[in-house]
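Look over the sequence and structure first.

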Amino acid sequence: MAYELSLRGLTAKNIYPLGEDFRGRSKDGTELSFTNYYMEKNGKPFFGVSGEFHYSRMSDGRWEDELVKMKMGGINVVSTYVFWIHHEEEEGIFRFDGCRNLRKFVGLCQKHGLYVILRVGPFDHGEARNGGIPDWMYGKPFEVRSLNKGFLNCVRRLYAKLAQQVEGMFFQDNGPIIGVQIDNEYMHSSAPWEITTGISNEWVFGGNEGNDYMLGLKELASECGLLPVFYTCTGWGGAAAPDSMLPLWGGYAFRPWMFYSYKGEHPATEEYVYQDYHNNDFVCTGDFKPAYKPEEKPYSCCEMGGGMMCSYYYRFRYPYKSVDAMANIKMASGCNFLGYYMFQGGSNPLGRHGQFMNEGQVPKISYDYQAALGEFGQVRESYRRLKSVHYFVQRFGERICALKTVLPEGAQRIAPKDGKTLRYAVRTDGKRGFLFLNNYQDHFSLPDRENEDLALHLDQEDLTWRIGIAGDENAILPFHFDMDGIDLVKANAQVVTRTVINGEITYVFFVPDGMKGGFVFEDGAEINGVCEHTYCCGENRETEFFHVKKNDSEFDVLVLNRKMADNMYLLCDGSLVFTEAVLLEDENGIRLESVEASNVIYAYPAERFAGEETVRRMENDRAEYLGAYLAETKERRIEADVKQVAASRYTIGIPENFLDGLKDARLLIEYTGDIGNAFLNGRMINDNFANGAQWEIGLKDFAGELKKNRITLYIVPLKEGVNVKVDSAMAARREEAEVSAAQLWSVRVQPVYEINI
């Protein structure tokens, strides 16, 4: 089928500063600010990529390496909820120890060059108990989330304590904290009061004082010393959003909250249909209904679905390809600040007296969220796929930020289950830009597409593509892309980054699945010394390499397939490493985190690790421009001792020295049942809502206790035909079920190695 889109006669976007409420300067002279379309750093466009990481949901000993992973994945802003109930569980008694050490967490973000947005509540939600409001607030003689003296006094105490913890760590003091979110989804969302759940099922007050409430808390935060570059608020759902706060948006295609009352199938959603979120005249078909004119504020995100928890009534395995597809949709639709919730999963802390800190519809401990980084540091496919997108906006964010969205007629009205119409959009100034393609849809499979003809009509020319793209894949294709003075007219490949190594320039691209890679350069360009300005990639090649020259400009081009792009890491010196392990780089050097004792890595340039004693050069079974190296350590085998002690109840013994020579070890559990619960010394340490995926528990945090104690595993049976028998004259009840299934299939311990390279 043939498609066409006119880009002729486009007018430039009207871009202007937002003013002093959205501007800040550090002591070293760095300035951050916002226009009505994008963030700026020292007057130049800055493309923010935010990832949510809840520090109090992870042991502080794990924080640093997980932050390094986020940085290696292209995150430059860390967003985190500050759960009031985690810090002031008992009235007047504040805790900032261990996993609650806010100052330590912010300091680690600063160490690794990551900006921070604190989401300080008082109401957060985040599936925390009472949405983060402490239990003791329930019995107070005033309403929460309201401008009354009693509540404001409690919030003042909270804000003052938080300000003390992060004193000197705001951007104005050369610190990393650039933003503070006030409350969350005010007048849009709430959470159950967990102390009544199952009896009266009361909910935390959702609010009714609009912008007055938000501005009152903003003033209170400022008085207490929470002084960021900008304050934020959630913009969706009609939530209160004053002009002096930056409204942040998001998008979830997997919605467990539907199943509080709904019992049918999850519908396919509108989240994977292109929109134009920064256009006053555009009618959005989704839930984007701002209280302001869209062009008056940047469309920025804080809660794009980077994963999703299973709730009790909605169990599913999260499709990891949905995350970079969401990033593609948001960018094409006018977003210049991506934000994922969650990017890093976690585990809820127990309360001081054993109180569970999650709300009732989700696991009591686990908040893995099927995120890009799991609760014990697992790296998911979504993390790998997102790196290419993030490297792109890190390197070329200045080029894309000012470009406007142009959609074909009716693009926003494509039905989610329309598998016939090609989904595409353009970000452009009328002369250059990027063609976005999306072939992913939640809760519905889009077919592979082949031989689609697409034409863009520019003022002086027409550009045409012959496009193929696999189902579940997406792409960002450049046109009239300046490569050091040589014009890349168009490409059937996605640009990832530009790197300079020993003075030589290399551009990196990858070919999305289902696409035939190709490049068209301006006339006069030479490719590999031949005056031929086009290059066609071969079939089924992992990598290709060619040289482009015209006059005094020249560079190399490295082309990857999707798998190689997903395995690529960009190092500080500009070199590239390709590995199926996880790569971390910090002030101490380069490390691999792997579940394999032996790892083959590839490096560009080929000599990157030549002479290193910690890795061994190998014969290269790939291209000569990549160096092959073996990184290995002593292999460990750890046997778990499993004993069944009752119906659906087991104990697991772990060898006393299980961590010797290891970074961590994960307990991998396969079972059939409703819920899996793991206990140590009678204390629940992890739980899992069965969804068909392997249940994983990181053991490092419990190493001391495991020397003398066994884990108790209880599988809650999956039941059918349940009835409570009450046919006795006495106060007796007994549950009966027609079918009850609970079976432990396998338990093994997976070593996690760390190898210095």
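This is a predicted model: local features need pLDDT of at least 70, side-chain atom pairs count only at pLDDT 80 or more; totals for chains, interfaces and linings use all residues.

Residues are numbered from 1 along each chain as its sequence is written, and side-chain values use heavy atoms, without hydrogens and water.

**Cavities**
- Two cavities of 30 Å³ or more turn up in a search of the whole structure.
- A cavity is a set of points, on a 1 Å grid over the protein atoms alone, where a 1.4 Å probe fits but cannot get out; lining residues have an atom within 4 Å of a point.
- Points are joined across faces, edges and corners, and a volume is the space filled by probe spheres set on them.
- The largest cavity has a volume of about 70 Å³.
- Its lining includes Trp249, Glu270, Glu271, Asp287 and Lys330.
- That lining has four nonpolar, three polar and four charged residues. Ala, Val, Leu, Ile, Met, Phe, Trp, Tyr, Cys and Pro count as nonpolar, Asp, Glu, Lys and Arg as charged, and the others, Gly among them, as polar.
- The second largest cavity holds about 30 Å³.
- Phe34, Ile117, Phe230, Leu246, Leu248, Ser300 and Phe337 line the second largest cavity: six nonpolar, one polar and no charged residues.

**Second largest pocket**
- A pocket is an open set of points with protein on both sides within 12 Å along at least five of seven lines.
- The second largest pocket has a volume of about 710 Å³.
- Of its 36 lining residues, Glu185, His188, Trp236, Tyr252 and Trp257 lie nearest its centre.
- The lining divides into 16 nonpolar, 11 polar and nine charged residues.
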